[in-house]
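Subject: Structure for your files

Hello,

Here is the structure I said I would pass on. My notes on it follow below.

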Amino acid sequence: MASLTLCCSRRALFANTHHTKANGSSTWRLMHTLQRRQQQLQQSCGRLRAAAAATTTIRTAFAIEPKVNANCSAFQQRCNTTDAKKKPKLVSIKESRRFMIDCFKAVCVPEDHAVAQAELLVGADIRGHFSHGMNRLEMYVNDLATNATDGKAEPEILSETKATAWVEGHNGLGAVVGNFCMDLAIDKAFDVGVGWVCAKGSNHYGMAGWYVLRAMEMGLVGMSMTNTSPLMAPTGAKKAALGTNPLSMGASADNCDGFLLDMATTAVAVGKIEMQRRKAAPIPAGWALDPNGKVTTDAELAFKTGCLMPLGGAEDTSGYKGFGLGAMVDILSGVMAGAKYSTQVRSWTHHGADIEADLGHVFIAVDPSCFAPDFGKRLSDFNSRLRGIEKADPCKPVLIAGDKEKKNLETIEEAGGIEYLENQLKTCEALAKKLKIKPLKFL
Ligand SMILES: NC(=O)c1ccc[n+]([C@@H]2O[C@H](COP(=O)([O-])OP(=O)(O)OC[C@H]3O[C@@H](n4cnc5c(N)ncnc54)[C@H](O)[C@@H]3O)[C@@H](O)[C@H]2O)c1
């Protein structure tokens, strides 16, 4: 029942944020969707309880921080080796959320948008994707402060059919555009079985799986992809021509289980190199190239060069498959949405940016009940078969996509907060001063 209330209130919330030029039947559609959702929720209550509980935990916790013109040398100073060796500090989820919201509000982002963006970032931190959590705050804030991103912008539907929609993000925050589009795709999936929504005019939308989780909470199969600033060298090239272009696909299963694949199509997300840099540690071979197009293990050099290798690494280890996946993501998001694509996309650094990003995203929601019966039961069985297969190392479990993130959620809950590295905390301290907001408090 708790999950039902939670999900219905979420639907009411997103219904209020829909903005469409010609949508006379939207009220009827919403009521119809709500009825169908209630039926579905009753059928899959057990499956949804876990997701709802996780969401409630997150809700009771978030926060953000504002902007100043953080320059590269200041950033580098904060990333010094001594700090990297200091013990991480624990920050409550609530305080992390509060801080991030305050930061966004300090650069004139309206409360609801600040909350959406903060929840995205805290959602990444608590799942262990620190590269796309607080680590990204400074960049978002810088873009907002320079008006490279419009924190107040609301997305708008440009055209739609029963199953599709094309959305103009109006240069709004990634989470605002992303939540709007995935909720629209969910709406359509409840109406006609599938919803496919493309957005242009958007900004960095963080963890791709965040939007997929919204579909999973509704008992749907979700997918999401985005293009990003060029960072990946195509196989055989020494310059970047594609972003880290993440893709995510997920579905809830019976017995509180699920599958959530959420991955960059480069060997790693660039944030992982930033995290190694914050720790003053090397990167494994196969992640990035140096300025001469040779593989490097130097995190600092890799960060400065900004040329990642595709998933799979070099050609002889099938890196061309990662290159192909990255290109697929850009075709479905940038090219199809009418956004910038490939080398057209601006570069993006801790300085912020002085031009609009005009990123493209795609969001897909599918109602599994349109196909074979017992999807949740079958997916649960599928997962058990994979996890139950004989292990290569008896001490190391076979994991499926999403297991690590679930484990991270448990660890955060046990610890009572999120452990942030000293370099990250210094960035927050500098942000608090610049934005004149209450500093981040540790436990
Ligand atoms: N918005 C953007 O521009 C952008 C760009 C790139 C990445 N990202 C985000 O960065 C985050 C990190 O991406 P990443 O590629 O570094 O993720 P990752 O390599 O940590 O994990 C990728 C996937 O593999 C799964 N996984 C991890 N270890 C596993 C194991 N041992 N066995 C089976 N499955 C396993 C994870 O559950 C996850 O689904 C993601 O949330 C992604 O969406 C965002």
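Helix α6 covers residues 93-106, and its 14 residues, at 1.5 Å each, should span 20 Å; the end C-alpha atoms are 20 Å apart, so expectation and model agree. Bear in mind that this is a predicted model. Of the 14 residues of α6, 13 are buried, so the helix is largely enclosed by the rest of the structure. After α6 comes Cys108, which has a positive phi, near 65°.

The buried residues of α8 include the charged-type side chains Glu138 and Asp143, and among the others are Leu137, Met139, Tyr140 and Val141. Asn147 follows α8 and has a positive phi, near 60°.

For α10 (residues 209-217) the count is again nine buried residues of nine, so α10 is largely enclosed by the rest of the structure. Among the buried residues of α10 are Trp210, Tyr211, Arg214 and Glu217. Just after α10, Gly219 takes a positive phi of about 80°.

On the whole chain: the protein has 443 residues, and buried residues make up 53% of them. Its secondary structure comes to 16 helices and twelve strands. Of the contacts with a separation of 6 or more, 70% are between residues 24 or more positions apart.

Next, a helix pair. Two packed helices are described by the angle between their axes and the distance between the axes. Helix α7 (residues 111-126) packs against helix α9 (residues 174-192) at an angle of about 90°, and the axes are 8 Å apart. The angle falls between 65 and 115 degrees, and α7 and α9 are therefore roughly perpendicular to each other. On the α7 side the contact is made by His113, Ala116, Gln117 and Leu120, and on the α9 side by Ala175, Val176 and Asn179. By type, the residues of this contact are four nonpolar, three polar and no charged.

Now the ligand. It is surrounded by 28 residues, of which Met207, Ala208, Pro246, Ala264 and Ala269 are the closest. Strand β8 (258-263) and helix α15 (403-415) each supply at least two residues of this shell. The largest share, four residues, comes from β8. The shell divides into 13 nonpolar, eleven polar and four charged residues.

The loop that leads from β7 (247-252) to β8 contains Asn255. Most residues other than glycine have a negative phi. Phi of Asn255, however, is positive, near 60°. Asn255 has 15 C-beta neighbours inside 10 Å and so counts as partly exposed. Cys256 lies in the loop between β7 and β8 as well, and its phi is also positive, about 60°, although it is not a glycine. With 16 other C-beta atoms within 10 Å, Cys256 is partly exposed.

Val345 is in the loop between α13 (319-337) and β11 (359-366). Val345 has 23 other C-beta atoms within 10 Å; the cut-off for a buried residue is 20 or more, so Val345 is buried. Leaving aside neighbours within four places in sequence, Val345 is in contact with Asn227, Ser229, Pro230, Gly243, Lys340, Ala357 and Leu359. Its C-alpha atom is 7.4 Å from that of Asp358, which lies 13 residues away along the chain.

Val362 is in strand β11. Val362 is buried, with 24 other C-beta atoms within 10 Å. Not counting residues up to four places away in sequence, Val362 touches Cys198, Ser224, Met225, Leu332, Ser333 and Ala337.

Regards

Technical notes:
Residues are numbered from 1 along each chain as its sequence is written. Axes are lines fitted to C-alpha atoms, for helices over the stretch in contact, and angles run from 0 to 180 degrees between N-to-C directions. Angles under 35 degrees count as roughly parallel, over 145 as roughly antiparallel, 65 to 115 as roughly perpendicular and the rest as oblique. Two residues are in contact if their C-beta atoms, placed from the backbone, lie within 7 Å. A residue is near a molecule or strand if its C-beta atom, placed from the backbone, lies within 6 Å of it. The expected span of a helix is 1.5 Å times one less than its number of residues. A residue is buried if 20 or more other C-beta atoms lie within 10 Å of its own, exposed if 12 or fewer, and partly exposed in between; C-beta atoms are placed from the backbone.
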